[in-house]
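Please consult the sequence and structure shown below while reading.

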Amino acid sequence: MVAYVNGILESIEEGNAVVDVNGIGINVNISGSTMDRMPGIGEVVKLYTYTNVKEDAFTLFGFLSRDELGLFKLLITVNGIGPKGGLAILSVMSPDDLRFAIIAGDSASIAKAPGIGKKTAERITLELKDKIKVTEDSLLSQGGDSLGEELSGENSSAKDETVAALVALGYNQSDAMRAVRKVLGSDAGAAADTEDLLKLALKEMF
């Protein structure tokens with residue numbers, strides 16, 4: 001119903017922001033991570049919103065990007081995950097971290113969110129893995145326009161081998177993917193050699 005709210009940030013507290021839109025104060029529920037990235041009081045803010053309508057309530061949930069809003073909408077399609085549960089997950093995980101966890105089947109990371117149990121987290125990874133539009137390769141390829149070209153052929157195998165090596169060392173797959181992506185984001189040439197890439201990725205794990 002309400003696509004976004006664009007106005008002056010009137011006040012903010014944990015879990016809620018009040019945005020002044022032409023003299024009307026709009027209450028918007030926000031995640032902890034959104035709260036940390038909000039502008040100062042009195043500044044302009046635009047929140048992309050999801051409208052939750054119940055018999056006794058009309059509630060807005062807001063996000064600073066369409067990407068977060070899209071993931072939120074995906075999360076609440078999972079049985080047992082309501083708007084508050086979706087907000088809790090996005091309070092402790094960035095959109096990319098959540099994608100990594102879902103693709104890697106890392107339910108343990110998702111279960112760290114308040115109110116999200118182990119079984120619910122496992123249901124999220126199971127039901128949403130095929131719905132996440134980006135692939136593991138595209139996640140690892142983010143970080144530069146030329147990076148995708150650098151990751152073809154042998155370079156791509158170096159990336160895969162490095163992720164596998166990190167998992168063999170005891171790291172979970174989502175953390176391993178994240179570390180490799182971070183290295184490649186700053187130095188795409190590191191993908192040319194598995195040993196060098198592994199050394200650099202290990203430094204990111206600490």
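## Overview

What percentage of the residues of the protein chain count as buried? In this predicted model, 41% of the 206 residues count as buried. The chain has eleven helices and five strands. Of the contacts between residues at least 6 apart in sequence, 53% join residues at least 24 apart.

In soluble globular proteins, nonpolar side chains tend to be buried together. Here the largest nonpolar core has 25 residues, and those with the most contacts inside it are Leu75, Ile81, Ile89, Leu98, Ile110 and Ile124. Two or more residues of this core come from each of strand E5 (57-63), helix H2 (66-75), helix H3 (83-92), helix H4 (95-104) and helix H6 (118-128). Another core lies apart from it and has 14 residues, including Met177, Val180, Val183 and Leu184.

Within the largest core, Ile81 is one of the residues with the most contacts. Leaving aside residues up to four places away in sequence, Ile81 touches Leu75, Ile76, Gly86, Ile89, Ile116, Thr120 and Ile124.

## Packing of H2 with H4

Two packed helices are described by the angle between their axes and the distance between the axes. The axes of H2 and H4 cross at roughly 40° and come within 10 Å. H2 is therefore oblique to H4, and the crossing of H2 and H4 is left-handed.

On the H2 side, the contact is formed by Asp67, Glu68, Leu71 and Leu75, which meet Pro95, Leu98 and Arg99 of H4. By class, the residues of this contact of H2 with H4 are four nonpolar, no polar and three charged. Leu75 and Leu98, both part of this contact, are also among the residues with the most contacts inside the largest core.

## Packing of H4 with H10

H4 also packs with helix H10 (residues 173-186), at an angle of about 130° and with the axes 8 Å apart. This angle makes H4 oblique to H10. The crossing of H4 with H10 is right-handed.

From H4, the residues Asp96, Asp97, Phe100, Ala101 and Ala104 meet Gln173, Ser174, Met177, Arg178 and Arg181 of H10. The contact of H4 with H10 contains four nonpolar, two polar and four charged residues.

Definitions and conventions. Residues numbered from 1 in each chain as written. Predicted model: local features only at pLDDT ≥ 70, side-chain atom pairs only at ≥ 80, totals over all residues. Heavy atoms only, no water. Core = buried A, V, L, I, M, F, W, Y, C linked by side-chain atoms within 4.5 Å. Buried < 20%, exposed > 50% of the residue type's maximum accessible area, 1.4 Å probe, protein only. Helix = DSSP H or I, 4+ residues; strand = E, 2+ residues; numbered from the N terminus. Contact = heavy atoms within 4.5 Å. Axes fitted to C-alpha atoms, helices over the stretch in contact; angles between N-to-C directions. Parallel < 35°, antiparallel > 145°, perpendicular 65-115°, else oblique. Left-handed = near helix turned anticlockwise from the far one by under 90°. Nonpolar A, V, L, I, M, F, W, Y, C, P; charged D, E, K, R; others polar.
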